[in-house]
Amino acid sequence: MTTKFHLSMTDDGHIAEGLLSGDNVVDITEANDLTEDVYVCYVVEDKRYDGDEHRENLISRHNIPVIPGRKNIKVKIIYDKIKENKRIAMRFDKSDESFLGFLAMASIKILLKLKII
């Protein structure tokens, strides 16, 4: 069985939460658990996490959702686009260990850009 990795990071590059789920689990079902402890941040997620309830949940904790709208959405969503880490976003790595390793490198890259480390 393959797995999916769900990750939330704070706006300063710290990992807030990470979850592994089965490949057959719909991503939006993990969204609120993934971000329940995230406050006052930009929350960058892909369109698989798009949903009115989830957006409202994020906004209620003073977060700014950066989530593209799904194809069938009636009102176009304006959001910032981040395409820097395509390898992470597209999950090119097949093993969990390899994926988590590249995730760690992407996190370090972000922290170095922010001059936190």
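I take buried as under 20% relative accessible area, exposed as over 50%, and partly exposed as in between (1.4 Å probe, protein chains only).

**Ground rules.** I am working on a predicted model, where local features need pLDDT of at least 70, side-chain atom pairs count only at pLDDT 80 or more, and totals for chains, interfaces and linings use all residues. Residues are numbered from 1 along each chain as its sequence is written, and side-chain values use heavy atoms, with hydrogens and water left out.

**Confidence.** I looked up pLDDT, the predictor's confidence in each residue from 0 to 100. The protein chain averages 79, and 80% of the residues score at least 70.

**Salt bridges.** I count a side-chain nitrogen of Lys or Arg within 4 Å of a carboxyl oxygen of Asp or Glu. The structure holds 5 of these.

I checked R70 with D50, which meet at 3.3 Å, N to O. R70 lies in the loop between β4 (64-66) and α3, and D50 in the loop between β3 and α2, so the pair ties together parts 20 residues apart in sequence. Elements here are DSSP runs numbered from the N terminus: helices (H or I) of at least four residues, strands (E) of at least two. R70 is partly exposed at 37% relative accessibility, whereas D50 is buried at 3%.

Next I looked at K4 and D27, whose closest N and O atoms are 2.8 Å apart. K4 sits in strand β1 (residues 3-9) and D27 in the loop between β2 and α1, so this bridge links parts 23 residues apart in sequence. Both K4 and D27 are buried.

**V25.** I found V25 touching K4 and E30, leaving aside residues up to four places away in sequence; contact means heavy atoms within 4.5 Å.
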